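Me: I would like to learn how to read the features of a structure file with some care. Could you take me through them one at a time, giving the general idea before the case?

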Amino acid sequence: MRRRCTWRIFQSIEYSCEQDQIKLHNFFSYLMDQFTPSSSKESKFVFCFRMFISGESYKEAELEKYCDYESIEVPDSYTGPHLSFPLLPDHATALLEAFQQKQQLHARYVLNLLHETRKHLKQLPNISHVSTCYSEEVTVCGDLHGQLDDLFLIFYKNGLPSPSKSYVFNGDFVDRGKQSLEILVILFTFLLIYPKEVHLNRGNHEDHMVNLRYGFTKEVMQKYKVHGKKILRMFQNVFCWLPLATLIDQKVLIIHGGISDTTDLEMLEKIQRDKFVSVLRLKKRKESSRKPQIQAINGESESGTDAAGNEAAPRLSLQPQPAQAPNTANRLEFSRWLRQTVQEQIDTCRRLVDISESEPEELTYSSMVSLKDVDEPCWTCQEEWKQVLDILWSDPMPQEGCRENKVRGGGCYFGPDVTEKFLDKYSLQFLIRSHECKQEGYEFCHNRKVLTIFSASNYYEIGSNRGAYVKLGPDLIPHFVQYQANKTAHMLTMTQRQGFLVAPISRVEESAFRALREKLFAHTSALISAFRSYDADNTGKITLSNWATAVESVLRLGLPWRMLRPQLVRSTEDGMLEYKSWLDDLAMEQRSQEHIQSSLLEVIYRNRSNLETIFRIIDRDHSGLISFEEFQQTWKLFSSHMNIELTDDGINDLVRSIDFNKDGNIDFNEFLEAFRLVKQRSS
């Protein structure tokens with residue numbers, strides 16, 4: 001029971017972050033959709049920004065010119081591995097040895113490898129076909145998430161890819177771990193050496209918008225400071241050419257996430273998969289439910305006229321009257337005005353695009369559209385996009401039926417009846433999917449017709465889970481191999497891993513509850529409001545039952561709070577909780593790590609991931625620094641959309657005030673510090 005609770009904590013927090021990423025993407029997409037540029041320079045910025053957030057790719061000739069690996073010289077001082085094409089098995093061996101020694105592949109070779117990989121992937125169908133007739137068995141691996149030690153261990157136990165050793169790697173090669181790039185280099189190298197024996201499926205993390213939040217973008221830019229932008233752009237394009245599924249002997253379908261009741265293999269085979277550079281998409285609002293709200297904000301009536309009876313302007317305006325900025329010479333006054341104005345307008349935008357913090361995002365298939373391919377029939381784009389979304393993001397559930405996956409914010413939950421109908425329709429024996437961490441590395445469900453395989457061991461914490469891979473021979477009977485790559489995990493006792501019997505709380509549980517307390521602390525203000533709703537007499541106390549209900553209403557993690565309470569709340573004699581003291585204890589725990597005012601720290605904890613993602617979006621050349629021009633153009637986007645009048649001089653003053661070290665650029669620490677100072681002054 002304790003293991004299940006610990007597991008639910010980890011998964012709930014993980015999936016809530018995925019919801020945040022989709023909401024943030026929708027928010028920026030909405031802003032771009034409403035922004036009207038006033039100059040050719042701003043038009044170019046909007047075009048690039050829109051292309052970035054909506055996932056449009058360069059044309060063929062432009063991408064070839066952009067890559068241009070031949071112009072990059074490899075200095076004589078370089079001691080790492082060298083690549084020449086066509087690749088040979090010795091090249092793969094050299095790479096494995098180099099990465100074990102923590103060496104780095106030169107940027108020229110990375111770009112050359114990506115160029116050749118892209119050419120190969122473009123020739124492949126959307127669904128790869130594998131036969132066990134040509135090899136004794138096929139090995140299927142699940143999520144690796146940048147954990148290179150797991151890949152090394154798989155190769156050590158199972159052998160390297162070869163003409164007699166076929167592999168299928170089922171997506172999510174990147175993010176979270178620190179060596180995503182090395183994993184991709186190794187897999188792409190083996191793919192080019194053994195194109196008939198190595199097969200790669202796309203996962204939901206092979207998506208540049210997801211990479212912005214979960215680490216791959218940051219990893220590439222840190223490892224390749226000069227050519228990182230080119231490498232990232234090439235990875236972005238290579239990802240969209242990865243096949244969507246693999247079929248073994250026409251009987252076993254391998255997909256990353258799952259299926260829905262509308263999954264159509266015939267449609268999947270015909271989709272132009274490269275146009276889905278990012279599967280995250282903006283919601284199309286229902287006119288009947290959104291129009292009155294927008295009209296009210298604009299001061300319009302439902303008949304299309306304003307309150308005075310004049311014809312309403314067609315362009316959406318969120319503010320009837322522009323807000324005049326105070327003189328920037330008064331820093332305190334300007335900071336307060338800026339914070340209040342921007343926050344009010346962002347809150348309004350959030351309400352319009354359904355990303356308020358108090359309500360979960362409800363993504364409905366019928367209301368989603370792509371921001372690109374606007375010239376095509378909308379239903380065609382939407383249906384194709386839905387097919388890809390479902391197979392990359394969906395999860396199985398024990399109940400029958402098919403419903404949207406509100407926990408992740410994308411894809412669906414599909415039941416055993418959906419699985420049975422799908423298998424019968426296409427004469428399949430069972431499905432193999434990944435996408436979910438499992439304690440033993442694998443798990444059957446739906447009467448053993450759906451197999452989840454997850455290959456990243458110690459995913460949440462050392463000792464939290466095993467990794468596994470599955471081997472299929474001509475009889476298609478699965479044989480599993482489990483492992484834990486980290487040496488420390490082997491030294492943990494079973495009690496330390498599982499938290500049973502002797503230890504009052506295991507190492508894994510401790511990590512889970514620490515993450516959960518951080519999550520609680522980040523929502524202190526909302527929790528106080530929720531607790532007060534159960535404290536009508538203002539006693540400062542609530543029942544433990546009301547505590548559990550209030551916490552779930554704020555965090556919406558779906559956790560068994562009554563069961564978790566002993567690890568989160570000190571026992572009370574009268575069954576009542578002094579909630580202010582409890583929140584103070586949470587604040588003290590976090591302040592011991594960060595010497596910042598607790599209310600301010602709460603805001604930073606809650607917003608840091610979003611702030612970092614926003615920073616990377618503004619930093620459109622991925623330099624790790626925001627130039628004054630990038631900041632100015634982005635601020636114009638916000639100010640134009642929010643109808644805030646701020647002169648160029650005012651914007652220049654603002655950007656200079658954030659550039660604390662006066663080097664002409666804004667790094668993330670300055671960006672975060674500016675957020676902290678503005679929040680502190682307005683408090």
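Reply: Let us begin with contact, which means heavy atoms within 4.5 Å. Among contacts in this protein between residues at least 6 apart in sequence, 73% join residues at least 24 apart. The model is a predicted one, in which local features need pLDDT of at least 70 and side-chain atom pairs count only at pLDDT 80 or more, while totals for chains, interfaces and linings use all residues. Residues are numbered from 1 along each chain as its sequence is written, and side-chain values use heavy atoms, with hydrogens and water left out.

Me: How many helices and strands are there in the protein, and what percentage of its residues count as buried?

Reply: Helices (H or I, at least four residues) and strands (E, at least two) are DSSP runs, numbered from the N terminus; here there are 26 helices and 20 strands. Buried means under 20% relative accessible area, exposed over 50%, and partly exposed in between, with a 1.4 Å probe and protein chains only; of the 683 residues, 57% count as buried.

Me: How should I read a salt bridge, and how many does the count come to?

Reply: A salt bridge is a side-chain nitrogen of Lys or Arg within 4 Å of a carboxyl oxygen of Asp or Glu, and by this rule the count comes to 13. One of them joins Glu219 to Lys223, with the closest N and O atoms 2.8 Å apart. Because these two residues are four apart in helix α9 (residues 216-223), about one helical turn separates them. Glu219 is buried at 6% relative accessibility, whereas Lys223 is partly exposed at 22%.

Me: Which residues are linked in a network of salt bridges?

Reply: The network links Asp395, Arg408, Arg433, Glu436, Lys438 and Glu443. Within it, Lys438 meets Glu436 at 3.8 Å, N to O, and also pairs with Glu443, where the closest N and O atoms are 3.1 Å apart. Lys438 is buried, with a relative accessible area of 11%, and Glu436 is buried too, while Glu443 is partly exposed at 39%.

Me: At what angle do helices α19 and α20 pack?

Reply: Axes are lines fitted to C-alpha atoms, for helices over the stretch in contact, and angles run from 0 to 180 degrees between N-to-C directions. Helix α19 (residues 524-532) and helix α20 (residues 544-555) pack at about 135°, with their axes 9 Å apart. That makes α19 oblique to α20, since angles under 35 degrees count as roughly parallel, over 145 as roughly antiparallel, 65 to 115 as roughly perpendicular, and the rest as oblique.

Me: What is the backbone like at Pro86 and at Gln250?

Reply: The peptide bond from Phe85 to Pro86 is cis, with omega near 5°, and Pro86 is found in the loop between α3 (60-67) and α4 (89-100). Gln250, although not a glycine, has a positive phi of about 60°; its place is in the loop between β5 and β6 (252-254), and it is partly exposed, with a relative accessible area of 47%.
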